[in-house]
Amino acid sequence: MIKIVEFTCEYVDKVIEYEKKLRKEEPDTYFWEPDEEYRNKLIGSFSDERFVNAVSFLAVEGEDVIGRIDASIVSSRADAECYAAYLDWICVLKSKRHF
């Protein structure tokens, strides 16, 4: 069963595992390594005010992250609302995609 959960700091290590699997499945697409520096940046993002409008969700199957969705909440003074989102990135492990 696949569930969608909010990406919180508790999932950082699972996301690193996911990122490594992603690179094995698509070596010609992802060129940077999910190393310790990346891990530290992920952890830091949860307390960094620059990410206040960031929205991230994970697709989790069992104990494994198999997909990720990242978006930003878009605020507008024109209508005085913060209800729209800009979808920045979505990816599911190639082996978990269903056509």
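Is Asp64 buried, partly exposed or exposed, and what is its relative accessible area? In this predicted model, where local features need pLDDT of at least 70, side-chain atom pairs count only at pLDDT 80 or more, and totals for chains, interfaces and linings use all residues, Asp64 is partly exposed, with a relative accessible area of 32% (buried means under 20%, exposed over 50%, and partly exposed in between, with a 1.4 Å probe and protein chains only). Residues are numbered from 1 along each chain as its sequence is written, and side-chain values use heavy atoms, with hydrogens and water left out.

Helix H1, at residues 12-25, has 14 residues and reaches 20 Å from its first C-alpha to its last, close to the 20 Å expected at 1.5 Å a residue (the expected span being 1.5 Å times one less than the number of residues; helices are DSSP runs of H or I with at least four residues, and strands are runs of E with at least two, numbered from the N terminus). Buried in H1 are Val12, Val15, Ile16, Tyr18, Glu19, Leu22 and Arg23. These residues lie on the same side of H1, because they cover an arc of only 160 degrees around the axis, taken from the directions from the helix axis to the C-beta atoms.

Salt bridges (a side-chain nitrogen of Lys or Arg within 4 Å of a carboxyl oxygen of Asp or Glu) come to 10 by this rule. One of them joins Lys21 to Asp64, with the closest N and O atoms 4.0 Å apart, and this pair links helix H1 with strand E3 across 43 residues. Asp70 forms a salt bridge with Arg68 at 2.9 Å, and both residues are buried.
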